[in-house]
Amino acid sequence: MKNNKIQLRGGLVIAIIAFAAFSRLIPHPWNFTPIAAIGLFGAAYFSKKSMAIIIPFAALFISDLLVNNIYYPVFFPEFYKGFTLMAGGALWQYGAFALIIGLGLLTLKKVKPMGLIGTGIGASILFFLVTNFGVWLSYPAMYGSTPAGLMACYTAAIPFFWNTVAGDLFYIGLMFGSFEYLKNSYPSLAFSK
């Protein structure tokens with residue numbers, strides 16, 4: 001019976017992650033995405049750490065393939081011609097995502113609203129710092145390879161940061177709220193990691 005509960009719970013966690021990942025195909029404001037929420041959700045609800053890493057990364061990678069090869073070519077045909085396995089800057093994005101999962105594994109041993117908000121904002125800051133550092137490092141002609149250039153890069157990205165925070169908190173609320181609602185409605189989903 002316990003194995004059935006684990007499979008049911010794991011299947012639901014995967015379904016919520018998949019739904020969130022595919023929501024990236026819905027038109028949305030820049031950076032208003034579920035990326036941090038997916039990493040934190042997996043970290044909070046998978047009992048095996050390997051699953052907390054593999055499933056969110058797989059969802060991110062598959063949704064990136066779809067976004068880069070279906071969504072972006074329609075809106076940015078000058079940048080996306082032919083099949084794109086990984087867009088520029090993806091390694092920085094995936095590095096930030098790994099740190100976000102690590103943050104979730106450290107801080108979300110118990111899911112509580114204030115902890116989720118704090119961890120969500122922390123994830124947004126982490127993503128902002130890592131990915132924009134990657135932009136600065138990867139495109140030295142754009143900002144200059146100086147500390148002032150790095151600050152200019154971060155400053156230029158601030159408008160996108162607010163959408164990142166809003167998207168992270170929205171999807172954290174949606175994903176965690178949905179799971180907690182279902183867990184309370186169906187006790188077979190309720191067991192600790």
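## Helix 2 against helix 4

Helix 2 and helix 4 pack with their axes 8 Å apart, at an angle of about 40°. That angle makes helix 2 oblique to helix 4, and the crossing of the pair is right-handed. Bear in mind that what you're looking at is a predicted model.

Who actually touches whom here? On the helix 2 side it's I35, A36, I38, G39, L40 and A43, and they meet Q93, F97, I100, I101, G104 and L105 of helix 4. Sorted by class, this contact of helix 2 with helix 4 comes out as nine nonpolar and three polar residues, with no charged ones.

## Helix 4 and its cover

Helix 4 covers residues 90-107, which is 18 residues.

Which residues of helix 4 are buried? They are A90, Q93, Y94, A96, F97, I100, I101, G104 and L105.

## Helix 2 against helix 5

Helix 2 has another partner in helix 5: their axes come within 10 Å and cross at roughly 125°. Helix 2 and helix 5 are therefore oblique to each other, and their crossing is right-handed. From helix 2, I35, A36 and L40 make the contact, while helix 5 brings T119, G120, A123 and F127. By class, the residues in this contact of helix 2 with helix 5 split into five nonpolar and two polar, with no charged ones.

Next up is the pairing of helix 5 with helix 7 (residues 147-185), where the axes lie 8 Å apart and the angle is about 145°. Helix 5 passes helix 7 in a right-handed crossing. The contact of helix 5 with helix 7 has 20 nonpolar, five polar and one charged residues.

Is S124 buried or exposed? Its relative accessible area is 0%, so S124 counts as buried. Setting aside neighbours within four places in sequence, S124 is in contact with F161, T164, V165 and D168.

## The loop between helix 1 and helix 2

Two residues stand out for a look in the loop between helix 1 (2-22) and helix 2: N31 and T33. N31 has a phi near 70°, which is a positive value in a residue other than glycine. With 27% relative accessibility, N31 counts as partly exposed.

T33 has a relative accessibility of 13%, so T33 counts as buried. What does T33 touch, leaving aside its neighbours within four places in sequence? The contacts are H28, G167, D168 and Y171.

Conventions
Residues numbered from 1 in each chain as written. Predicted model: local features only at pLDDT ≥ 70, side-chain atom pairs only at ≥ 80, totals over all residues. Heavy atoms only, no water. Buried < 20%, exposed > 50% of the residue type's maximum accessible area, 1.4 Å probe, protein only. Contact = heavy atoms within 4.5 Å. Helix = DSSP H or I, 4+ residues; strand = E, 2+ residues; numbered from the N terminus. Expected span 1.5 Å × (residues − 1). Axes fitted to C-alpha atoms, helices over the stretch in contact; angles between N-to-C directions. Parallel < 35°, antiparallel > 145°, perpendicular 65-115°, else oblique. Left-handed = near helix turned anticlockwise from the far one by under 90°. Nonpolar A, V, L, I, M, F, W, Y, C, P; charged D, E, K, R; others polar.
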